[in-house]
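Morning, everyone. Let me put the structure up, and then I'll walk through it piece by piece.

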Amino acid sequence: MPPATTLSPARWVPAAWRPWLSALLATLAVGLLLAMVDRTERAHLEHDQRAMVLERLSLVRVRLESHLNEVIASARSLALVYATRPDFSEDEFVAMARVASEGRTSLVNIGLIRGTVLRHVHPLPGSEKAIGLDIRKTPSMWPAFQRMMATRATIIAGPVALVQGGTGIIVRIPVHRLGPPDTPGLGDFLGAISIPLDAEKVFAESGLPELEEEFVVALRGRDGQGARGDVFMGLPSTFDQALAQQEIVLPGGAWQIAAYPRDEGLPASVQRLRLVGVLMCAMAGLLAFNLTRQAQRRAESDARLNAANLRLQTVLQTIPDLMFEMDSDGRYLDIWPGRDADLLAFRREDLIGRTVDQMLPPEAVTQVMLTLAEAKASGSARGRRITLTLPHGESHFELSAAVNDDPVAPRFVLMSRDVTHRQQVEQEIERLAFHDPLTGLPNRRLLTDRLHHALSACARNHRRAALLFIDLDNFKSLNDTQGHDVGDLLLVEVARRLTGIVREIDTVARLGGDEFVVLIEDLEPSGDNAAAAARGVGEKIGAAVAQPHALRDVVHVATCSVGIRVFEHGARVEDLLKHADTAMYAAKTAGRNTVRFFDPAMEAALQHRSQTESGLRLALQRHEFDLHAQIQVDTQDRPIGAEVLLRWHHPERGLVGPAEFIGLAEDVGLIVPIGRWVLERAAAQLRSWQGRPVLGRLSLAVNVSPRQLHEPGFVEMVRQIVADHGIDPALLKLEITESAVLDDVDQVVALMQSLGLSGVRFSMDDFGTGYSSLQYLKRLPLSQLKIDRSFVRDLASDHNDQAIVRTIIAMAHTMNLDVIAEGVETTLQRSLLTAAGCSRFQGYLIGRPVPMPEFEALVDRLGQTATPMA
């Protein structure tokens with residue numbers, strides 16, 4: 001066997017040169033290997049650095065986008081309210097802005113821009129200088145604002161210097177009037193919701209300051225202009241040297257962020273590798289060592305890259321959006337389900353490789369493809385919504401998309417955000433803005449809109465319409481006796497019945513309280529025919545409301561008063577409601593439970609009523625009331641007492657009798673303080689007569705209205721007045737009417753018995769004009785019946801009146817009640833009353849109502865001795 005061949009330089013090299021040649025070959029070999037390792041190390045280093053920069057930039061981008069989108073989402077409800085109610089108040093704005101800004105530390109304030117001028121700000125402290133700011137006169141803000149007005153899209157302005165100090169990023173949400181624009185162009189533009197954010201806090205929350213500690217960072221795209229915008233952080237050269245860039249998608253635009261490591265020198269590991277390679281190039285062991293170390297470094301680099309990918313996946317899973325990678329055909333290439341995979345309509349494996357038109361409903365497919373097309377044309381798209389039926393119910397999603405820069409095979413990232421709750425909130429806000437919360441009927445705002453449409457239809461079709469104003473009769477009595485919850489049940493039931501009466505094209509609305517309005521459209525051109533049709537609807541409404549209502553344990557029978565205004569094109573909406581209301585009051589005046597049409601005279605009467613009410617509210621304060629007295633005598637013309645009658649010394653109309661204002665005072669509730677004043681004055685008058693021979697024995701009769709009688713605390717009030725003035729309660733006589741008793745017989749009986757124990761006496765006024773039922777009369781602790789003047793007036797010529805008077809007198813005597821006749825004006829009337837057994841008289845024959853001094857003089861003339869206590 002030949003001897004082993006030892007590796008050595010070529011045989012032709014001289015022996016003296018072989019060691020050098022071997023050394024040279026080894027040096028060259030190691031040097032070549034070192035160069036290869038050095039190049040590989042620098043490539044991996046650059047790869048690691050790019051991955052690290054991309055990871056950090058992605059985190060900053062995601063945080064910035066999420067922060068800005070959350071701010072915008074919280075303010076969209078403000079924009080919707082502004083669009084639906086342009087005139088909403090500053091207090092309402094502050095209440096909603098407080099909710100929207102809660103917990104957002106970077107938010108400087110929320111502002112309301114009307115037109116181009118900032119009108120309201122919350123919170124105000126620190127932002128006072130911003131109030132009244134006109135965007136048109138602010139060069140740093142006006143271009144972005146113009147772009148927002150033109151595109152009708154939410155925009156980002158800035159960073160800019162804020163009026164209140166500091167640097168801000170301003171989010172502006174444009175607000176346009178709902179419905180078609182009033183005029184072409186920007187005629188429907190109302191203004192905007194402006195949200196200045198503290199730029200330093202926004203960047204701090206995104207982690208940008210920490211990023212700048214390790215990297216050279218730059219941001220460009222002022223006002224959302226992307227690569228076309230100015231650099232507002234860092235140097236422009238950063239974008240040329242950057243290892244990675246990210247696009248931050250903003251409302252109405254984008255920013256770009258770029259970065260590279262601050263230390264540009266060679267890492268120590270590379271320097272050590274080169275030094276070792278130079279010194280130990282002849283050592284094969286060092287070569288193996290370096291190769292092994294290089295392999296380890298490669299493995300570490302892969303591990304770091306995998307860790308970065310894992311962190312990126314974690315970030316993607318925390319985003320509340322579904323993310324899809326798609327091609328131009330809408331094909332699903334990849335899917336990131338975010339933190340809620342239940343929002344996926346299908347399993348991930350069922351979607352990959354398929355197109356949206358294979359998986360989604362046609363309406364959703366249209367919106368997705370339009371979003372992709374818009375993103376392809378402008379780089380990004382957002383705002384379109386789709387509705388999908390998921391296992392847990394129907395859900396609504398808002399789409400946004402971005403596209404890469406590949407013109408041949410563009411790839412899209414489509415984000416789908418669940419906005420189901422937001423849409424429900426928006427729908428609820430819209431419902432509350434246009435509907436009555438109790439009955440669900442249209443409210444005044446929506447009714448006004450439909451009245452405008454009705455007027456346009458009248459002009460277009462040459463037909464008429466009618467407005468019916470409906471007010472429930474005595475609704476307050478139900479609320480006071482049964483409680484507001486039962487009253488609400490009645491309102492809901494009335495709303496249901498009204499809706500069932502009218503046609504689908506008509507409108508039933510509730511204005512508030514117990515007031516409803518029915519709009520009847522498409523009536524005949526003839527005014528008479530239209531009025532007849534409207535009356536028919538009004539009568540149906542009256543009949544429907546009058547049917548008994550089962551309200552929990554209460555069966556209530558209600559009535560309503562209906563005012564009708566028939567109209568055609570040319571009328572004004574505000575006049576229609578006013579006229580129908582006037583007609584309704586005419587129905588009330590006519591006795592309630594009836595229908596009346598509008599007449600111009602009604603409006604004059606209503607104006608007079610309104611002026612009278614205003615005057616009444618000031619009359620007590622101005623001491624304009626006075627008491628007159630009408631004397632009452634016996635058969636011997638001896639004074640036995642008087643009825644006190646209220647007079648109003650009106651500053652313009654002079655002396656006004658009670659017939660002109662007592663009914664109104666009863667309707668509006670002023671009868672309670674006025675009645676108390678009358679009782680106080682009557683008691684004071686009795687007190688002043690104490691000790692006088694004739695006047696000291698007279699009784700005073702005071703009329704008490706039904707509303708006074710049922711007022712809580714009435715008994716205690718009368719007792720207190722008697723005690724405060726120290727009068728004989730038997731000299732105070734309270735005159736009540738049958739209607740006051742019939743409202744609640746048991747309550748009135750208990751009240752009268754309680755006051756009767758205190759010595760106060762009662763007289764039944766206007767007896768015989770109502771039910772005159774013995775069933776309740778025998779229960780009442782009365783001392784007197786008063787024959788109404790309507791029976792006395794024709795007593796001499798009407799045999800029926802004579803029979804009624806004799807019956808009343810006989811019944812009173814049977815029940816041991818005193819009888820007095822009012823309205824006695826002739827001696828013949830008095831003679832007939834005396835013959836029938838009546839011994840007490842009041843009327844013009846004896847004396848007219850006169851001021852108290854004149855009354856006292858009249859008493860002195862009629863006699864020196866008064867019959868005690870009639």
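What share of the contacts in the chain with a separation of 6 or more comes from residues 24 or more positions apart? The share is 62%, with contact meaning heavy atoms within 4.5 Å.

Ground rules next. This is a predicted model, where local features need pLDDT of at least 70 and side-chain atom pairs count only at pLDDT 80 or more, while totals for chains, interfaces and linings use all residues. Residues are numbered from 1 along each chain as its sequence is written, and side-chain values use heavy atoms, with hydrogens and water left out.

Now the overall inventory. The chain holds 29 helices and 31 strands. Those are DSSP runs, numbered from the N terminus: H or I with at least four residues for helices, E with at least two for strands. Of the 870 residues, 47% are buried. Buried means under 20% relative accessible area, exposed means over 50%, and partly exposed is in between, with a 1.4 Å probe and protein chains only.

First sheet. Five strands make an open sheet, in the order β2-β1-β5-β4-β3, and the pairing is antiparallel. Two strands pair if DSSP finds at least two bridges between them. β2 (117-122) and β3 (155-161) are the edge strands; each has a single partner, so one side of each has no neighbour in the sheet. The twist averages 25° from one strand to the next. Angles here run from 0 to 180 degrees between N-to-C directions, and axes are lines fitted to C-alpha atoms, for helices over the stretch in contact. Helix α2 (residues 90-101) packs on this sheet. α2 touches β1 (110-114) and β2, and its direction makes about 60° with that of β2. Inside the sheet, β4 (residues 167-176) and β5 (residues 189-198) run antiparallel, joined by nine bridges. Gly-168 has Asp-198 in β5 as its bridge partner.

β15 runs antiparallel to β17 (residues 515-523), with seven bridges joining them. Ile-470 stands opposite Phe-516 in β17. β15 also pairs with β20 (residues 560-567), antiparallel again, over eight bridges. There, Asp-471 faces Ser-561.

Where does the parallel pairing come in? β20 and β21 pair in the parallel sense, over three bridges. Gly-563 is bridged to Arg-596 in β21.

On to the aromatics. Rings of Phe, Tyr and Trp (its six-membered ring) pair if their centres lie within 6.5 Å; planes under 30 degrees apart are stacked, over 60 edge-to-face, and the rest tilted. The count is 11 aromatic pairs. Take Phe-625 and Trp-648: a tilted pair, 6.2 Å centre to centre, with 50° between the planes. Phe-625 is in β22 (residues 625-634) and Trp-648 in β23 (residues 639-650), 23 residues apart. Phe-625 is buried at 6% relative accessible area. Trp-648 is buried at 0%. Phe-625 and Phe-661 have ring centres 6.0 Å apart and planes at 35°, so this pair is tilted. Phe-661 lies in the loop between β24 (654-656) and α19 (662-668), 36 residues from Phe-625. Ring pairs link Phe-625, Trp-648, Phe-661 and Trp-677 into a cluster.

Last stop, helix α27. It covers residues 799-814, which is 16 residues. Among its buried residues are Val-805, Ile-808, Ile-809 and Ala-812. After α27 comes Asn-816, with a positive phi near 60°.

Note on methods:
Expected span 1.5 Å × (residues − 1).
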